[in-house]
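Work through the following exercises with the sequence and the coordinates side by side. Each task is followed by a solution that goes step by step.

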Amino acid sequence: MEKRETLILRDLYWLFFVQIVCAVFIFGLESLINPIMSVLKYAGVIYILWLAHQIAISKPDNKTTGKQPSFLTGFVLQIVNVKIFLFGITSLTGYVTPYYSSFGWLLFFEIIIATIGTIATLTWILFGGLFQKTYFKHFRVINIILALLLLQCAVGLLLQ
């Protein structure tokens, strides 16, 4: 298997792992989540605004190190990746826990959510490779558009 395919498979493996952790988290803390949802919403808005700012001011980095990260490195990167946890927790609390609360159902839907995340990641990789040259040429415009879309998400969260 090529180095890139090994990295992709490693990252997808850990994506599923993190999503299962989210299901366990939601199942164990369901009674505590509802009272703190408004705090989490504002924390999410602050994070999205910070992310939009970072994207708006960022420049492309086309350097590669040539060194392949280890399986353990992939695990650490996925565990500290807040976006994956937010994806799993938001998906479960927004679409599943209002209708199902048993651990089996939460785990079932988290596997579906992880599969959707895997498809999204593979699509991102495919189109990222296809449009990399265009991105490097027009990165400023693309980054501003992405930042504005994130801003729209943050406003949408505040208006809910």
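**Exercise 1.** Which residues form one aromatic cluster?

*Solution.* The cluster consists of Tyr100, Trp105, Phe108 and Phe109. This is a predicted model, in which local features need pLDDT of at least 70, side-chain atom pairs count only at pLDDT 80 or more, and totals for chains, interfaces and linings use all residues. Residues are numbered from 1 along each chain as its sequence is written, and side-chain values use heavy atoms, with hydrogens and water left out.

The pairing rule takes rings of Phe, Tyr and Trp (its six-membered ring) whose centres lie within 6.5 Å, and it calls planes under 30 degrees apart stacked, over 60 edge-to-face and the rest tilted. By this rule the count comes to eight aromatic pairs. The ring centres of Tyr100 and Phe109 are 5.2 Å apart and their planes stand at 35 degrees, so this pair is tilted. Tyr100 itself has 33% relative accessibility and therefore counts as partly exposed, where buried means under 20% relative accessible area, exposed over 50% and partly exposed in between (1.4 Å probe, protein chains only).

**Exercise 2.** Describe the chain as a whole, beginning with its secondary structure.

*Solution.* The chain has five helices and zero strands, where helices (H or I, at least four residues) and strands (E, at least two) are DSSP runs numbered from the N terminus. The order of the elements from the N terminus on is accordingly written α-α-α-α-α. Along its principal axes the C-alpha trace spans about 50 × 40 × 20 Å, and of the 160 residues 22% count as buried. Among contacts (heavy atoms within 4.5 Å) between residues at least 6 apart in sequence, 84% join residues at least 24 apart.

**Exercise 3.** Where do Gln19 and Asn143 lie, and what surrounds each of them?

*Solution.* Gln19 lies in helix α1 (residues 3–57) and is buried, with a relative accessible area of 0%. Leaving aside neighbours within four places in sequence, Gln19 is in contact with Ile84, Phe87, Gly88, Glu110, Ile113 and Ala114. Of these partners, Phe87 and Gly88 on α3, and Glu110 and Ile113 on α4, also take part in the contact between those two helices.

Asn143 has its place in helix α5 (residues 139–159) and, at 2% relative accessibility, counts as buried. Not counting residues up to four places away in sequence, Asn143 touches Ile55, Ala56, Ser58 and Tyr135.
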